[in-house]
Amino acid sequence: MIVDPTPDISGTFNIIVVDTGVQNRYFINGIEAPTLEVERGLSYQFEFNTVGHPFWIQYTDNANQYSSIDSYSQGMTGTAMETGTMVWTVEEDTPDVLYYRCQLHAGMGGMITVSGGSNTSTGGVTTPTTTPATPSSGY
């Protein structure tokens with residue numbers, strides 16, 4: 001029996017950087033700095049075109065800044081991505097709330113809410129002020 005190490009992808013987040021006239025911002029699936037919604041036990045593909053803006057996921061908001069000591073990489077095939085593809089299989093013990101940040105630019109990032117599974121942490125989820133981005137289901 002051959003086991004395929006590639007997980008089934010539940011959706012794709014396409015990430016680019018756009019100069020909004022005030023500062024550069026991540027746009028994900030066409031939405032400016034949305035709250036990303038993922039579910040434990042599922043896998044998501046992140047497609048990056050963010051040269052000069054390394055994308056990190058971390059545990060804390062850290063005043064909307066990157067924090068190397070708070071970086072989160074469980075279940076991910078890569079971190080600090082600028083180009084290419086990363087796959088994230090959201091594990092059962094993933095916190096309810098994570099944050100994505102640009103390593104080099106404060107104020108460039110957003111929130112990730114995690115649902116489903118058996119995690120019982122409370123996480124402190126607040127109502128997002130931006131439109132949530134759900135992954136696209138096709139290419």
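**Close-up views of a predicted model**

**View A. Ala33 sits in the loop between strand 3 (31-32) and strand 4.** Strands here are DSSP runs of E with at least two residues, numbered from the N terminus. The model is predicted: local features need pLDDT of at least 70, side-chain atom pairs count only at pLDDT 80 or more, and totals for chains, interfaces and linings use all residues. Residues are numbered from 1 along each chain as its sequence is written, and side-chain values use heavy atoms, with hydrogens and water left out. The phi of Ala33 is near 40°, a positive value in a residue other than glycine. Most residues other than glycine have a negative phi. Ala33 has 6% relative accessibility, so it counts as buried (under 20% relative accessible area; exposed is over 50%, partly exposed in between; 1.4 Å probe, protein chains only).

**View B. Asn62 lies in the loop between strand 6 and strand 7 (83-89).** Asn62 is not a glycine, yet its phi is positive, at about 50°. Is Asn62 buried or partly exposed? Its relative accessibility is 35%, so Asn62 counts as partly exposed.

View C. Two strands pair if DSSP finds at least two bridges between them.

**View D. Strand 8 (residues 97-102) pairs with strand 9 (residues 109-115).** The two are antiparallel, with five bridges. Tyr99 stands opposite Met111 in strand 9.

**View E. Strand 6 is covered on both faces.** In a regular strand the side chains alternate between the two faces of the sheet. Phe55 and Ile57 are buried on one side. Trp56 and Gln58 are buried on the other. Strand 6 runs antiparallel to strand 8, joined by four bridges. Trp56 stands opposite Arg101 in strand 8.

**View F. Thr50 is found in the loop between strand 5 (43-49) and strand 6.** Its relative accessibility is 1%, so Thr50 counts as buried. Which residues does Thr50 contact, leaving aside its neighbours within four places in sequence? They are Ile15, Ile16, Val17, Tyr26, Met81 and Glu82. Contact means heavy atoms within 4.5 Å.
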